[in-house]
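Hi,

Here is the structure I promised to pass on. Have a look at it first, and then read my notes below.

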Amino acid sequence: MIRYEIGIVDTRTVIKTLLDDFGYDFRDYALTSFKRRLEQVILNNGLRDAEGLIMRLKNNPEFIDQFLYEVTPETTEMFRDPSFWRLIRDEVLPEVSRGASSKPRIWLAAFDSGEELYSLAIILKEMNILNNVQIYCNVLSEKTVNKIKSGRLDPKDIEVNEANYQRLNGTNKYSQYYTVDGNIYTFDSSLVENVTFLKQTPLIDNEPGAVKLILFRNQAIYYNQLLQEKMFSKLSEVSVAGGFLALGVKETLENTNANNKFTVFNDNEKLYKRKTV
Amino acid sequence: MFKAVIIGGSAGSFQVITRILHSLPPTFPLPVLLCLHRLKHVRSGFVEALSIKSSIPVIEPNDKEQIRPGKAYLAPANYHMYIELGNKIALSTEDPVNHSRPSIDLSFTTAAQVYREKLIGIILSGANRDGAYGLKKVKDLGGLTIVQDPEECQVRTMTEAALKLTPVDFVYNTNEIIKFLQKIKP
């Protein structure tokens, strides 16, 4: 894997261009992974280096959507951490959907490439409550919205996904949720027809209010600790009392200011519950 | 003079790692970063198994955990483990590299960029080529490189790939690796 490596100075120059020319603030993204994402964008688009990337952004402003699409890591797996999804199905969703006068709100606050959203929708469908909740899904690029709405996901290793679904003990066959034509998998897009997509900046400034379940798995790993703090604090404000917050299994609220706003609901799956006050 | 040791391994490396961790002095002056290929869906059990005989604590770090001397940090299942400026762990769910997540190349490359000539990189037994490029980066940035003697490896693909790509400093068997690490002074 010999490949172009971007230096720290060049990374900062790209970040400055994104902020000055487009208003997208990546300054507090984690440096190592963001550098790697930039290298990926440069490689994907046949650019020579950071300067080439900056020229492309400046000369072709419409390239920004492709940039945002590619700079976001893909989720790469359906039902990642099956034990997490079992917990969501068996303990969290029954409570979230119980006795609500209006549709309870679920917010996919991470920049997912569709796999988390479809995993959630499949579980809701199997529980027969897909239409009883309102799902909001954050997106950074238009291209992601189109991809998700078309059902053309690319969850890589089909055997891993199938095995994850088996471990979840779903009620149906995983294969009934997609059709396959050659190498192209098309998931049943009716699963997401009632989802509200929220176009975001990298700092997630557009929040739905009064959310009962927030999925924010494996997003904070791409932030530095300063931005993690800000985002956790934002999520604690958006969550209703008794609402749930899910982080990635190796992310934690411990040692952050938001820690006293939540109790630990399940430590292995990093599932938290918003305190009443 | 060194600031960290990073060890990569795959098939056939578990017993070697266990022996190394067992033989380190409890006051070992450096952090030990472990990137070992493992089953992606089995999250628990591995760190416990490594801990049993280890003379230093073995941790499966959370994201942005501070790296401290005298502790071993095991890359968690299904995450890449990067070393971030400021001596922190940074995790990632980006695509697998060399069919691997965690990828040894990525852990080694990012560690080399942070610790440069103050890093010791060690590649052990394994069945794919992950780690060869990472060890080359350690060497290129001035670090010290060791490869387990392929004659001793259960599976020699990984060590041979590393040796092919980089003129390493030492080819050692397990006992020699242990002796080398035991001699490291604060």
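I call two residues in contact if their C-beta atoms, placed from the backbone, lie within 7 Å. This is a predicted model, in which local features need pLDDT of at least 70 and side-chain atom pairs count only at pLDDT 80 or more, while totals for chains, interfaces and linings use all residues. Residues are numbered from 1 along each chain as its sequence is written, and chains are lettered from A and ligands numbered from 1 in the order in which they are written.

Let's start where the chains meet: 19 residues of chain B are in contact with 17 residues of chain A. On chain B's side, β5 (80-84), β6 (88-92) and α3 (104-115) each supply at least two residues, and β6(B) gives the most, with three. Helices (H or I, at least four residues) and strands (E, at least two) are DSSP runs, numbered from the N terminus.

Now for chain A, which has nine helices and nine strands. Its C-alpha atoms fill a box of roughly 55 × 50 × 30 Å along the principal axes. Buried residues, those with 20 or more other C-beta atoms (placed from the backbone) within 10 Å of their own, make up 43% of the 277 residues in chain A. Of the contacts in chain A with a separation of 6 or more, 77% are between residues 24 or more positions apart.

One helix to look at is α9(A), where Leu227(A), Met231(A) and Phe232(A) are among the buried residues. The buried residues of α9(A) pack against β6 (211-216), β7 (239-247), β8 (262-266) and β9 (271-274) of chain A.

Best wishes

Conventions. Buried ≥ 20, exposed ≤ 12 C-beta atoms within 10 Å, placed from the backbone.
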